[in-house]
Amino acid sequence: MVALDLARWQFGITTVFHFLFVPLTIGLPFLVAGFQTVWLRTRHDRWLGLTKFFGRLFLLAFAMGVATGIVLEFQFGMNWSAYSRLVGEVFGVPLALEGLLAFFLQSTFLGLWVFGWERLPKYLHLGCMWVVALASAFSAYFVLAANAWMQWPVGYHFDDETGRAELTDLGAVLTNKVLLASFPHVASACFLAAGSLVAAVALWQLCRHPDRDRAAFRSALKVGAVTTVVSGVALAVTGAVSTQTMTDTQPMKTAAAEALYWTARPAGFSLVTFGTLTDANEIASYRIPGVLSLFATGDLGGEVRGIDDLQREYEQRYGPGSYVPAVPVTYWAFRLMIGLGGLAALAAAWALWWMRVDRPAPRPLIWAAIVLPALPALGNSAGWIFTEVGRQPWIVFGLMPTSAGVSPTIGTSTVALSLTLFTLLYAALSIVTVGLLVRYARAGLSPEGPQDEGEDEPEPGLVY
């Protein structure tokens, strides 16, 4: 394999490791802040115990997210210097805003929250966590602004003399239509991951230790499950909007997501297709008529352009070459993203129904509690793989091919060595982090945490 292939593998592996934990650092602080807000409003100690309990889990995910995120950005200078040179003046601005504004606020106020117990006034201490939560959202927005520019470059001018893209309109970059469509979708996915973790931990505790901190974990289960179900619905709605924007900006990605080689009106959505997916000769496919047309155009009878027609158009526009992404990867990643997110929402809805009947949990529900946190994590990873693989062969759509972005002086052996070391290191860190998350989750509330307060107390509504 050449340096380009290894550099792509390294960036992809690093990104997946990074994004396993990042959704928790975006969605979980809102839930922790909500728990602490309810505690200050009601003074019920179970909410204080939940605040500290899930706050510890958030800190573990935050530490892993920072460790993987820093190295991820270093790769733009190590393996992708040609890309950085061409578009760094544009691409670097939202990343700088994320580091200097959002991450600075997030890390500073997180430190105040961690060390401010019994030192800061209670409402000022609560405000620190709300700042952390909002800064996490802003951090995600700026990072997605950089990624959206790669998907649909706007607000720039290409200088032929220097051979570099120059920023001309920061407002256009921060209001990119791809960004405005993708941010609500990613935010919903982050809340799905956070809600699933909270619901899974609470459900497992209630199933395995029904008499230990029962009131606290029933409250946590209700909050986590409702968050997961609502996020699942929001994902479906925002996903439809994102698909329409994707069809408008990158119709080849939409066609690859369905392995649609010929233009169709209407176009169905296949639940599963048997065959290689590398050509139009499929063996068998089970389709829902008109669904892809609805997602892509907002009309059940809308036209969706096929891969072959788009390939001919792109050759006329950009010159000879293949502009078709890896169709099998794009096709299955799209379905994994949808399927795993839907399963997480269904599992949370099942947990809510179990709370109503108040019977001993069936064994399948206990297994659901174990796998529930993994469903959004894997679904989010599949979503990012779909987003990035479906854009190929472009590193910046319509402006720079991926093959032109790799560092010209990087050697194959150098990338192979760093790829091996990073993969092993991240695998070890992930195992340690997941092990610590499981250990703290199994331990339950801290010794100074609340005891059961009785089921007759009213549970406050969800507060954000």
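In this predicted model, Arg335 sits in helix H11, which spans residues 327-357. Although Arg335 is a charged residue by class, its relative accessible area is 10%. That value falls under the 20% cut-off, so Arg335 counts as buried. Its side chain reaches the backbone oxygen of Ala257, at 2.6 Å. Ala257 is also one of the residues that Arg335 touches beyond four places in sequence.

A cis peptide bond joins Arg265 and Pro266, with omega at about -5°. Ala259 is found in the loop between H8 and S3 as well. Its phi is positive, about 50°, although Ala259 is not a glycine. Ala259 is buried, with a relative accessible area of 12%. Strand S3 itself covers residues 269-274 and includes Thr273. Thr273 is buried, at 4% relative accessibility. From Thr273 to Gly321 the separation is 48 residues in sequence and 27 Å in space, C-alpha to C-alpha.

Two further backbone features lie elsewhere in the chain. Most residues other than glycine have a negative phi, and most peptide bonds are trans. Glu118, which is not a glycine, has a positive phi near 70°. Glu118 is placed in the loop between helix H3 (81-115) and H4. Is Glu118 buried or exposed? At 76% relative accessibility, Glu118 counts as exposed. The other feature is a cis peptide bond between Gln392 and Pro393, where omega is about 15°. Pro393 belongs to the loop between H13 and strand S5 (394-396).

Across the whole structure, a search finds one cavity of 30 Å³ or more. The largest cavity holds about 50 Å³ of space. Gln392 lines this cavity together with Gly390, Arg391, Trp394 and Phe397. Gln250, Met252, Lys253, Tyr314 and Tyr323 are also part of the lining. By class, five of the lining residues are nonpolar, three are polar and two are charged.

The second largest pocket has a volume of about 940 Å³. It is lined by 41 residues. Those closest to its centre are His185, Leu235, Gly239, Ser242 and Met337. Which helices each supply at least two residues of the lining? They are helix H4 (122-151), helix H6 (177-208), helix H7 (214-249), H11 and helix H13 (374-389). The largest share comes from H7, which gives twelve residues. The lining is made up of 23 nonpolar, 17 polar and one charged residues.

Helix H13 contains Asn380. Asn380 is a polar residue by class. At 10% relative accessibility, Asn380 counts as buried. Beyond four places in sequence, Asn380 touches Phe19, Pro23, Ala189 and Ala193.

In soluble globular proteins, nonpolar side chains tend to be buried together. The largest nonpolar core of this model has 65 residues. Leu28, Leu50, Phe54, Leu57, Met129, Leu203 and Leu221 touch the most other members. H6 gives the most to this core, with 14 residues. Within the largest core, Leu50 can be followed through its contacts. Leaving aside neighbours within four places in sequence, Leu50 is in contact with Phe35, Gly55, Ala216, Ser219, Ala220 and Leu445.

Definitions and conventions: Residues are numbered from 1 along each chain as its sequence is written. This is a predicted model: local features need pLDDT of at least 70, side-chain atom pairs count only at pLDDT 80 or more; totals for chains, interfaces and linings use all residues. Side-chain values use heavy atoms; hydrogens and water are left out. On a 1 Å grid over the protein atoms alone, a cavity is a set of points where a 1.4 Å probe fits but cannot get out, and a pocket is an open set with protein on both sides within 12 Å along at least five of seven lines; lining residues have an atom within 4 Å of a point. Grid points are joined across faces, edges and corners, and a volume is the space filled by probe spheres set on the points. Helices (H or I, at least four residues) and strands (E, at least two) are DSSP runs, numbered from the N terminus. Buried means under 20% relative accessible area, exposed over 50%, partly exposed in between (1.4 Å probe, protein chains only). A polar contact is a pair of N or O atoms within 3.5 Å; within protein, one must be able to donate a hydrogen and the other to accept it, and residues adjacent in sequence count only if both atoms are side-chain atoms. Contact means heavy atoms within 4.5 Å. A nonpolar core is a set of buried Ala, Val, Leu, Ile, Met, Phe, Trp, Tyr and Cys residues joined through side-chain atoms within 4.5 Å.
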